[in-house]
Amino acid sequence: MPVDARILNEKTVAPLAAARSFVEKLHKPTHILIAISGGSDSTGLLLALYEVMEEIGRERVQLSAVTVDHALRAESADEAHKVSMLCAELGIPHAVRRWDGVKPASGISEASRLARYRLIAEVARDIGADLVVTGHTIGDQRETVAMRAARNSGVDNLGLSGMADAVLYDRRHWIMRPFLTCERQAIRDFVSSRSRGWIDDPSNENAGYERVRVRQSLPGSPVQVDAEAAVKRQALSEKTAAFLRRYVDVSQSALARLSGDGLMPDLPEFRHGLAALIATLGGRAYFPAASSMERVLLFLKTGENGRMTAGRVLLDRRRDGLYLFREHRNLPELRVEAGTQGWWDGRFLVTNTSAFPVHVGAGSAADAAALFPLVPVGVAKQAMAILPQIAAPAAGALSLADTVTIAPRLAPFDLFLPRFDLELADAIAVLFGRPAYPQPPV
């Protein structure tokens, strides 16, 4: 007999009830951009939010919609047109954005996801939407947790928390999932009850995609999910944020010092905070692998001074604490054209508002003591050498202070920030001299 792969203690909600609950929690009159592919889930979300809008009045909720045509199938343009017709019938403004250009030969799912969110965010910005909603369901949640469990079976696997109900994209756009407690079949029944149909994407049955394979295997999967995992993850985020605020200092967005009395490698918040610092200082979007963190913790538990690397970051333990900074290997050269921006080493955003291109490379150890006055000279010199240095195209061609700016990038959080990591991300932002992230509207 197949094993029931439902989430332990999970509670499902009817689609219309979920939409009502979502809108009732909005802090103010809100312009919602609905991401709709034409499939059953996103179509159900559009119809449910439309009914709620009609119930409570358009002065409280304004709806728009966007469809991304990934241009991966011949039928995709026609499907986007059908969605436009549905939106026009309901009086909901609708935009179509097409993912043009050469598609990658591998990693198409991830590339499609990044392109989709980028195009959706462009529309949200253009129309002034307050938030974006997507039609992810509890079935999508089960699949996500099953995939993450297969990649890492450790009890400290944060991926077992699944998808957050809200994610901040690109530091600006909150993307929310009102149907995350809804069953797909209930959504389809709701759509059918409104005498509507939906479009079935054949790629959803293509076993060449990991998610499809997981979906097909779920009825027999032994994976069981802790329904409190997201709550536990948020609690860890909050404890880690408090730990970092107490024990960590960051200089010039490049050098972190963890005080000696904060070296407590057995604490979960120490391990989580250290992983967050390593990812941020190394310009990496993901925290270090579990095996890498185990090596770091073993090193720290010896209590001995010494150095090691993890995630492109050098950890230098000294009598007064632990220093962390980007290792010197493979520091890039970057040309930033006039009037453009560029990422340097995944750690800094360089904005060039001048009429000339500028070149960015690694700095020198000169004046290190002035920039890092409170750390050992050897550490200061090494930290100075991993800062970006900007060279003008010709002497006196421009005033760098007026036309070129450098701002730290928080690689683990700046593109996709789940709601349950928000407090941790805010603590990191303050340490790196950045303002806190915007709060979600729900």
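## Salt bridges

Asp421 and Arg233 form a salt bridge in this predicted model, with the closest N and O atoms 2.5 Å apart; a salt bridge is taken as a side-chain nitrogen of Lys or Arg within 4 Å of a carboxyl oxygen of Asp or Glu. The pair links distant parts of the chain, 188 residues apart: Asp421 sits in the loop between strand 18 (416–418) and helix 14 (422–431), and Arg233 in helix 8 (residues 229–247). Helices (H or I, at least four residues) and strands (E, at least two) are DSSP runs, numbered from the N terminus. Asp421 counts as buried at 7% relative accessibility, and Arg233 counts as buried at 13%. Buried means under 20% relative accessible area, exposed over 50%, and partly exposed in between (1.4 Å probe, protein chains only).

The structure holds 31 salt bridges. One of them is between the side chains of Glu54 and Arg58, at 3.0 Å from N to O. Glu54 is partly exposed, with a relative accessible area of 42%, and Arg58 is partly exposed at 45%. Arg73 forms a salt bridge with Glu75, where the closest N and O atoms are 3.2 Å apart. Arg73 is partly exposed at 23% relative accessibility, and Glu75 is partly exposed at 43%.

## Basis of the values

Residues are numbered from 1 along each chain as its sequence is written, and side-chain values use heavy atoms, with hydrogens and water left out. As the model is predicted, local features need pLDDT of at least 70 and side-chain atom pairs count only at pLDDT 80 or more, while totals for chains, interfaces and linings use all residues.

## Surroundings of Thr280

Thr280 lies in helix 9 (residues 268–282) and counts as buried at 2% relative accessibility. Leaving aside residues up to four places away in sequence, Thr280 touches Arg347, Arg409, Leu410, Pro412, Phe413, Ile428 and Phe432; contact means heavy atoms within 4.5 Å.

## Nonpolar cores

The largest nonpolar core has 74 residues, and those with the most contacts inside it are Phe22, Leu274 and Leu315. A nonpolar core is a set of buried Ala, Val, Leu, Ile, Met, Phe, Trp, Tyr and Cys residues joined through side-chain atoms within 4.5 Å. Helix 2 supplies the largest share of this core, 8 residues. Leu274 touches Met293, Val296, Leu300, Leu315, Leu322 and Leu324, again not counting residues up to four places away in sequence.

Apart from this core lies another, of 24 residues, among them Leu314, Leu331, Leu334 and Ile386.

## Strand 11 and its partners

Strand 11 (residues 321–326) is mostly covered, with 6 of its 6 residues buried. Strand 11 pairs in the antiparallel sense with strand 8 (residues 255–259) over 5 bridges, and two strands are said to pair if DSSP finds at least two bridges between them. Leu322 of strand 11 is the bridge partner of Leu258; Leu322 is also among the residues that Leu274 touches.

Strand 10 (residues 313–318) likewise pairs with strand 11 in the antiparallel sense, over 6 bridges. A hairpin through 2 residues joins strand 10 to strand 11, and the bridge partner of Arg318 is Gly321 in strand 11.

## Helix 6

Ile187, Phe190 and Val191 are buried in helix 6 (residues 184–193). They cover an arc of only 100° around the axis, which puts them on the same side of helix 6; the arc is that of the directions from the helix axis to the C-beta atoms. An α-helix has 3.6 residues a turn, so residues three or four places apart point the same way.

The buried residues of helix 6 pack against helix 1 (15–24) and helix 2 (40–56). Ser195, which follows helix 6, has a positive phi near 60°.

## Cysteines

The count of disulfides is 0, a disulfide being a pair of cysteine sulfur atoms within 2.5 Å. Cys87 is buried, with a relative accessible area of 0%. Cys182 is buried as well, with a relative accessible area of 0%.
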